[in-house]
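Visitor: Could you walk me through this structure, please? I would like to start with the aromatic rings and then move on.

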Amino acid sequence: MNKSELKPATVFDQFAKINSIPRPSKREEKMIEYLKTWGESHHLDTRVDETGNVIIRKPATPGYENHKTVILQSHMDMVCDKLVDIEFDFDKDPIQTYVDGEWLKAKGTTLGADDGIGCAIELAILEADDIEHGPLECVFTRDEETGLSGAEGMKDDFMTGDYLINLDSEDEGEMFVSCAGGRNTTAKFTFKREAAPAGYFFLRAQLKGLTGGHSGDDINKKRANAIKILGRFLYQEMKRYDGLRLAQFHSGKLHNAIPRDGQFVIAVPNAVKENVKADWNIFAAQVEDEFHVTDTQMVWSMESADAEPVIEKGVADNFIRAIQAVDNGIYAICQDPELNGMVETSSNIAAIHSTDSEINILSSQRSNVMSNLDNMCATIVSLFELAGAKAYSSDGYPAWKMRAESRLRDITVEAYKELFHKEPVVRGIHAGLECGLFSERYPNLDMISFGPTLRDVHTPDERLLIPTVQMVWDHLLLVLKRL
């Protein structure tokens with residue numbers, strides 16, 4: 001298969017155009033202008049709100065004028081991550097894609113199919129003149145990935161439809177009817193630097209090649225977290241060698257991604273430097289065995305480093321203890337039998353970066369139960385406070401609760417069974433969707449979320465399963481006709 005054979009061609013053509021436009025979260029101006037110009041050039045009612053969300057309205061096809069209005073919704077921004085050893089500027093460079101069997105991938109970067117493929121489906125429907133549908137509102141929100149500020153800033157009169165189909169899900173054949181709420185927790189250690197004691201040797205340790213993934217949708221897959229692994233080693237060595245001094249710690253980029261790589265710089269007495277190197281090799285083998293199913297490409301290195309001022313010992317030791325102790329992964333499983341054992345509450349330690357005078361920590365917590373989300377955030381905050389850091393949690397975004405009755409859900413399920421002769425899975429998702437915010441602002445809106453299959457989103461391994469795009473396209477068109 002090559003790019004010219006991708007089906008539906010109109011969707012993949014739109015996706016290629018979208019991937020030529022830089023659209024990092026919070027810097028989507030070029031994409032906003034593209035959508036605005038595109039809608040106006042097609043003589044469609046096009047508006048941009050104060051936040052930067054775009055809506056393009058299309059009238060019903062003949063015979064469908066009296067049908068209720070359907071909203072198709074996706075987000076225009078993308079997570080920008082790349083392999084550490086490639087040069088790429090997400091503010092200037094187009095995403096380079098290629099076909100690998102049945103998968104569409106990008107060369108060393110995130111693919112942008114989360115949620116560029118949803119945007120492409122919307123534009124393809126808007127452009128088509130042979131699709132049966134009632135009145136449509138195609139909505140493109142900004143900044144979904146780093147705070148849902150597009151949905152948060154949307155006024156309650158921006159959308160007017162009766163049904164909303166969110167195209168930001170990642171498993172074809174699964175229909176999502178609820179999602180987790182989420183908050184970020186940050187912590188900051190402040191310190192003074194000082195000279196390392198005489199007779200100390202500096203070492204730089206690096207770990208890369210972890211699988212990583214989405215901090216919500218992949219949190220149940222037991223993948224390694226670079227921060228937790230590096231913290232484990234530091235805690236082990238701190239207990240063995242009381243004189244260990246920390247100079248740097250860097251790992252992770254985004255609140256919604258499991259960190260794939262990281263590094264630290266330490267200073268140890270000359271007498272134990274070879275012991276520390278041996279400990280590192282033994283530790284690496286143990287961790288590789290521990291994660292031999294999920295993380296098969298770990299790359300470990302430890303080498304000498306230049307001397308530099310170190311973090312004052314009391315702060316560094318408390319930081320190491322906190323990283324060893326902080327909750328990471330699943331905290332609770334949903335008790336509702338209709339949600340099939342989905343993760344209810346989780347936490348992800350996402351990014352840590354040291355400066356000349358601070359260590360800044362970012363983590364994210366998610367839950368379908370808002371009281372347990374509060375509890376999880378309080379647990380993380382209190383741990384860092386006990387370690388001497390200043391910590392607080394953001395306001396976050398709400399969960400989307402499943403409706404007891406939904407005409408949209410019923411029609412979507414029946415259309416799927418008719419097309420593919422099998423039952424779809426109807427469930428909740430542990431990731432955050434903008435539907436949570438929409439459910440507060442538009443309480444009567446009947447919503448569902450589905451989309452083609454994506455894997456390893458928020459990482460440079462992100463990939464799109466090509467045949468599922470045609471399946472979602474056929475399914476969506478039948479749903480629009482039935483609604």
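Guide: What follows goes through ring pairs, charges over rings, one histidine and a sheet.
This is a predicted model, in which local features need pLDDT of at least 70 and side-chain atom pairs count only at pLDDT 80 or more, while totals for chains, interfaces and linings use all residues. Residues are numbered from 1 along each chain as its sequence is written, and side-chain values use heavy atoms, with hydrogens and water left out.

Visitor: How many aromatic pairs does a search of the whole structure find?
Guide: The search finds 11 aromatic pairs, where rings of Phe, Tyr and Trp (its six-membered ring) pair if their centres lie within 6.5 Å, and planes under 30 degrees apart count as stacked, over 60 as edge-to-face and the rest as tilted. One of them joins phenylalanine 233 and phenylalanine 264, and because the planes are at 15°, with the centres 6.2 Å apart, the pair is stacked.

Visitor: Where in the chain do phenylalanine 233 and phenylalanine 264 sit?
Guide: Phenylalanine 233 is in helix α5 (residues 226–240) and phenylalanine 264 in strand β15 (residues 262–269), so that the pair links distant parts of the chain, 31 residues apart. Helices (H or I, at least four residues) and strands (E, at least two) are DSSP runs, numbered from the N terminus.

Visitor: Is phenylalanine 233 buried or exposed?
Guide: Phenylalanine 233 counts as buried at 0% relative accessibility, and phenylalanine 264 is likewise buried, with a relative accessible area of 0%. Buried means under 20% relative accessible area, exposed over 50% and partly exposed in between (1.4 Å probe, protein chains only).

Visitor: And what about the rings of phenylalanine 233 and phenylalanine 283?
Guide: Their centres are 5.4 Å apart and their planes at 55°, so this pair is tilted. Phenylalanine 283 lies in helix α6 (residues 273–290), 50 residues from phenylalanine 233, and is buried with a relative accessible area of 4%. Ring pairs link Phe233, Phe264, Trp280, Phe283 and Trp300 into a cluster.

Visitor: Which ring does arginine 463 lie over?
Guide: Arginine 463 lies over the face of tryptophan 103, at 5.0 Å from the ring centre, and the charged end of lysine 273 sits over the ring of phenylalanine 201, 4.2 Å from its centre. A charge sits over a ring if NZ of Lys or CZ of Arg is within 6 Å of the ring centre and within 35 degrees of the ring normal.

Visitor: Changing topic, where is histidine 255?
Guide: Histidine 255 is in the loop between β13 (245–251) and β14 (257–258), and at 13% relative accessibility it counts as buried. The side chain of histidine 255 reaches the backbone oxygen of glutamate 145 at 2.8 Å. Leaving aside neighbours within four places in sequence, its contacts (heavy atoms within 4.5 Å) include Glu145, Asn184 and Ser364.

Visitor: Which strands form the open sheet, and in what order?
Guide: The order is β4-β5-β25-β24, and the pairing is antiparallel, where two strands pair if DSSP finds at least two bridges between them. The edge strands are β4 and β24 (454–455), each pairing on one side only.

Technical notes
Polar contact = N/O pair within 3.5 Å; in protein donor to acceptor, adjacent residues only side chain to side chain.
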